[in-house]
Amino acid sequence: MAVAVATFLIALAVIASERVHRTKVAMLGAAIVVLLVGESFDQEHAIEAIDFNTIGLLAGMMILVYITQQTGIYDYIAVRAGQLSRGRPFLVVLYMAGTTALLSAFLDNLTTILLVVPVTFLLADALDIDPIPLVIIEVIASNIGGTATLIGDPPNIIIAGATDLSFNAFIVNLAPAVVITLAVVIGCLYLVFRSRLRVEERNREAVMQLDARASIRDWDELRRTVPVLLGTIIAFFAHQTLHIEPATVGLTGAAIALLVTRLDLEEVLSGIEWPTLFFFLGLFVMVGALEATGAIGEVAQAAEDLTGGDRTAELMGTIWIAGIGSAIVDNIPFTTAMIPVVAELQQGNGGDDAYWWALALGACFGGNATIIAAAANVAAAGLAERAGRPIGFIRFLAVGVPVTLASLVIATAYIAVRYIVL
């Protein structure tokens, strides 16, 4: 356990320093835990720790986005978004954040980020503003918006898999907290970033005069590939009903797109964010070592011990421990480790589902704290780096931590009012 914890903390510190690329750090950290942790975490355990559903989803959507991007469809969407907002920064933030949150709730936040971020860079170029504040706002909106439904955020999918909670139950119990949190957070973030989102009048007029249709570079390719993208998105909405994993949907869409496109295969594969995929591989292995050696379990058990059997303390403790733990590690494995602890707390209180809502809010909102706390954050960072506008660990942390604390405070008040006071 000491080796796994020390390796993870040192890797986190080096990533935060930004002196070495995070993918190199994650890969080296993964190698160290496999070599030194011992029999409890060998190569087979390391491979099992990798979430190939996330890796497959990322790879498939990266291929789809690259192929469709060559048609100019994202340029078209960016121009139309700029024209609909009339180039006004507040409306740009409202439309982009609102769209991201809504898509994240009914698609999933990782896929949404892969679709929205390329459009954001093009829109920012058209308005001649810094795209990074918009990307950060979208990442935060995606994690908050994804909290509203069973399929929006990985922690919710994990909770649903361990319980009999329905899709409607997630919406009824979590959506009100999400709407309140999203309104507060997006409003505050706009105030923080508005000085960097000012649009010159000449740029606003230039965008309004653009012919959006002229952005389409290849109409034939668009007719072949965009229907595949739309079909894939529709399949994401139905993947639970069809009992198909998101990675299967994404990779199937990518395979069909590769068949119908005229682009060269090697060119398309070069569009995959390989550093991001390998960063995920290394991160999953390091976190897997923490789980296998019992480090995450120790934290989860401490949550149970701290509450002392009081229902109010247990609910409040679940929110904050899940939020802080997810911020430090990653909300997917931490939620997995918390499941048995919360199940025991819940059973001790007559099967009270409020415990699951507290866990969902804490884990999902905690994913906004750092650039590695949620899959959507890492994906956005990879896209930004590829566009030549990297989002630094500290830069994201400076925004993510206050947002996470504010979100957890709102979640705490919501749980207290709805499930304790009333």
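Twelve residues of helix α18 are buried: Asn331, Ile332, Pro333, Phe334, Thr335, Ala337, Met338, Ile339, Val341, Val342, Leu345 and Gln346. Buried means under 20% relative accessible area, exposed over 50%, and partly exposed in between, with a 1.4 Å probe and protein chains only. This is a predicted model, in which local features need pLDDT of at least 70 and side-chain atom pairs count only at pLDDT 80 or more, while totals for chains, interfaces and linings use all residues. Residues are numbered from 1 along each chain as its sequence is written, and side-chain values use heavy atoms, with hydrogens and water left out.

**Helix α18**

- Helices here are DSSP runs of H or I with at least four residues, and strands are runs of E with at least two, numbered from the N terminus.
- Helix α18 covers residues 331–347. Its first and last C-alpha atoms are 23 Å apart, close to the expected 24 Å.
- The expected span is 1.5 Å times one less than the number of residues in the helix.
- α18 is mostly covered, with twelve of 17 residues buried.
- The helix bends by about 35 degrees at Ile339. A proline, Pro340, follows within four residues.
- That bend is the angle between two fitted axes, one for the seven residues ending at the residue and one for the seven starting there.
- Asn331 belongs to α18. Asn331 counts as buried because its relative accessibility is 2%.
- The Asn331 side chain reaches the backbone oxygen of Ala363 at 3.4 Å.
- A polar contact is a pair of N or O atoms within 3.5 Å; within protein, one must be able to donate a hydrogen and the other to accept it, and residues adjacent in sequence count only if both atoms are side-chain atoms.
- Pro333 is also in α18. Its relative accessible area is 10%, so Pro333 is buried.
- Pro333 and Ala141 are 192 residues apart along the chain. Their C-alpha atoms are separated by 22 Å.

**Helix α17**

- Helix α17 runs through residues 311–328. Its 18 residues should span 26 Å at 1.5 Å a residue, and the end C-alpha atoms are 26 Å apart, which agrees.
- Buried residues of α17 include Glu314, Leu315, Met316, Gly317 and Thr318. Ile319, Ile321, Ala322, Gly323, Gly325, Ser326 and Ala327 are buried too.

**The largest pocket**

- A pocket is found on a 1 Å grid over the protein atoms alone: an open set of points with protein on both sides within 12 Å along at least five of seven lines. A cavity is a set of points where a 1.4 Å probe fits but cannot get out. Lining residues have an atom within 4 Å of a point.
- The largest pocket holds about 510 Å³ of space. Volume is the space filled by probe spheres set on the points, which are joined across faces, edges and corners.
- Its lining has 20 residues. Ile77, Thr99, Leu103, Val116 and Val119 lie nearest the centre.
- Two or more lining residues come from each of α5 (73–84), α6 (89–106), α7 (109–127) and α12 (219–238).
- α5 gives the most to this lining, with six residues.
- The lining of the largest pocket has 17 nonpolar, two polar and one charged residues.
- Nonpolar means Ala, Val, Leu, Ile, Met, Phe, Trp, Tyr, Cys and Pro; charged means Asp, Glu, Lys and Arg; the others, Gly among them, are polar.

**The second largest pocket**

- This pocket holds about 390 Å³ of space.
- Of its 21 lining residues, Asn53, Pro154, Ile157, Glu245 and Pro246 lie nearest the centre.
- α4 (52–69), α7 and α9 each supply at least two lining residues.
- The lining of the second largest pocket divides into ten nonpolar, seven polar and four charged residues.

**Loop residues**

- Thr163 sits in the loop between α9 (154–162) and α10 (167–193). Thr163 counts as buried because its relative accessibility is 15%.
- The Thr163 side chain reaches the backbone nitrogen of Leu165 at 3.3 Å.
- Asp128 is in the loop between α7 and α8 (131–146). Asp128 is not a glycine, yet has a positive phi of about 60 degrees. Its relative accessible area is 54%, so Asp128 is exposed.
- His243 lies in the loop between α12 and α13 (246–260). His243 has a positive phi of about 60 degrees although it is not a glycine. At 74% relative accessibility, His243 is exposed.
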